[in-house]
Amino acid sequence: MLGAIADDFTGATDLAIMLRRTGYRVAVAIEDHDPGAPERAGLDALVIALKTRTAPVAEAVDASRAAVRRLRDWGARQVYVKYCSTFDSTDAGNIGPVLDLVSAELGADKVVVAPALPANGRTVYFGHLFVGADLLEHSSMRHHPLTPMTRSRVADLLRPQTPHPVAEVHHTTISQGVDAVRAAIEAAPGRYVVVDTIDDEDLRVLGAAVADSPVLSGGSGLACGLPGPGTPGDDWKSVPDTGRVVLCGSASATTRRQIATAARTQPVRRVDPRAAVHEPDAEVGRIFDWVRAQQAAPVVYAAGEPGDVVSEIDGHAVAPAVEGVLAGVARRLVDEAGITRLLAAGGETSGAIVRALGIGLLRIGPEIAPGICWSGAVTSTGTELALALKSGNFGPDDLFTSAWDRLA
Ligand SMILES: Nc1ncnc2c1ncn2[C@@H]1O[C@H](COP(=O)(O)OP(=O)(O)O)[C@@H](O)[C@H]1O
Ligand SMILES: O=C(O)[C@@H](O)C(=O)COP(=O)(O)O
């Protein structure tokens, strides 16, 4: 079995759906949920979803160590470390320390570093990470509130996070094929080897070259390149459609376009940040009542314009308050209104919602768009849900309208 750890929940389903493409039968375990032997039976891969991207280093390393040991107890002989395709981290960040830990646990002396996800415009060329046509440092990630990315050379981002040398293998080698890449990684003067990949064919070459490595690391793109077991079908079934909702805490430009597009045909309502801070239960109640009164997949969102994002109101942090409101709304909609189809947008937001619903395992369903899928989940109160966790930067503009079609 392939084991994986992902540093946020949307990243975990992103990786899982990419593994599904090459025929891994895969599920996502949330944090310390123990799936038990019956839930693990028949799986080719298991991804543990952590919430460690912006956690203090020691906390991220401890959570990763515990997750890797559980995966190994469950039979994993190979571990995939999934981080963001834009390498979200700080100089005091967690990617290096987590890679050091996992390579020590597995006894790996070479680890590929492959953040690229060409399907969503993330490519690596001469060691530099691009978002579309722009270097990472010139993309919107430069202004990310938690992990501003102000450099683009992956080795320069990783070096301050690890004592081990970081080397590069460039595109000229990738174009020579699998054996050349394998030899170049082996000969590279470093434990960590950043490998150029600008399209899916490059990822297939790289995936074949590292398929037997004990530790793999990257965004989800590398997973599409792995040879994979080719296991057909899954036993995933959708749930009866007794109500749909989009809960959207993401403040990204992509999500804002998705909200604007949905607003043409679907009811939309914004969370009041002041109410979220001062009277969260009342705000949950008002949104709950509003959603129940709507038809056609209502969208609850928190930031429709860049100016909507405020860090503090009257000395209280707004972001966790908004997450709390959206999580509270999710809980009430599922428990009291019987909503069974829920799309959550944003990594932090998805984490808060999944935790509030007390979900332990996600079974991977149909792909909606690159990196986004439906999954099947059971809440702590035993309700079966279809749940999609959308990374802020992923998905087409009409996502909140079109995603439901994949559940038909
Ligand atoms: N109007 C707002 N003011 C302050 N924080 C907000 C606002 N709207 C959303 N947020 C917070 O911004 C964060 C968005 O993070 P996340 O859910 O990971 O999505 P993304 O990374 O795509 O923006 C969440 O913590 C959310 O609660
Ligand atoms: O690799 C990616 O880009 C995504 O899987 C991911 O991790 C994005 O993070 P959020 O935008 O915070 O959801």
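**Entry 1: overall size**

The radius of gyration is taken here over C-alpha atoms, and the globule rule is 2.2 Å times the number of residues to the power 0.38. I looked this up for a predicted model, in which local features need pLDDT of at least 70, side-chain atom pairs count only at pLDDT 80 or more, and totals for chains, interfaces and linings use all residues. Residues are numbered from 1 along each chain as its sequence is written, while chains are lettered from A and ligands numbered from 1 in the order in which they are written.

With 408 residues, a compact globule would have a radius of gyration near 22 Å; I found 20 Å for the protein, which agrees. Along the principal axes, I noted that the C-alpha trace spans about 65 × 45 × 35 Å.

I then looked up burial. A residue is buried if 20 or more other C-beta atoms lie within 10 Å of its own, exposed if 12 or fewer, and partly exposed in between, with C-beta atoms placed from the backbone. Buried residues make up 51% of the 408.

For contacts, the C-beta atoms of two residues, placed from the backbone, must lie within 7 Å. Of the contacts with a separation of 6 or more, 73% are between residues 24 or more positions apart.

**Entry 2: secondary structure and domains**

I counted 15 helices and 20 strands. These are DSSP runs numbered from the N terminus: helices are H or I with at least four residues, strands are E with at least two.

The domain assignment gives domain 1 (2-225) and domain 2 (244-407); such bounds come from an automatic or database assignment. Their centres, taken over C-alpha atoms, are 27 Å apart. I found 23 residues of domain 1 in contact with 20 residues of domain 2. On the domain 1 side, α1 gives the most, with eight residues. By class, that side has eleven nonpolar, seven polar and five charged residues. Here Ala, Val, Leu, Ile, Met, Phe, Trp, Tyr, Cys and Pro count as nonpolar, Asp, Glu, Lys and Arg as charged, and the others, Gly among them, as polar.

Residues 2-224 are 36% helix and 20% strand; residues 245-400 are 38% helix and 27% strand.

**Entry 3: the two ligands**

A residue is near a ligand if its C-beta atom, placed from the backbone, lies within 6 Å of it. Ligand 1 has 20 residues around it, the closest being Ser250, Ala302, Gly346, Thr349 and Gly392. Helix α13 gives the largest share of that shell, four residues. The shell around ligand 1 has nine nonpolar, eight polar and three charged residues.

Ligand 2 has 15 residues around it, and Gly11, Asp14, Ser85, Gly347 and Ser391 come nearest. Helix α1 (residues 9-21) gives the largest share, three residues. This shell has two nonpolar, eleven polar and two charged residues. Ligand 2 lies between domain 1 and domain 2, because both give residues to its shell.

**Entry 4: valine 246**

I picked out valine 246, which lies in strand β12 (residues 244-248). Valine 246 is buried, with 27 other C-beta atoms within 10 Å. Leaving aside neighbours within four places in sequence, I found valine 246 in contact with Ala297, Val299, Val300, Leu343, Ala345 and Phe400.
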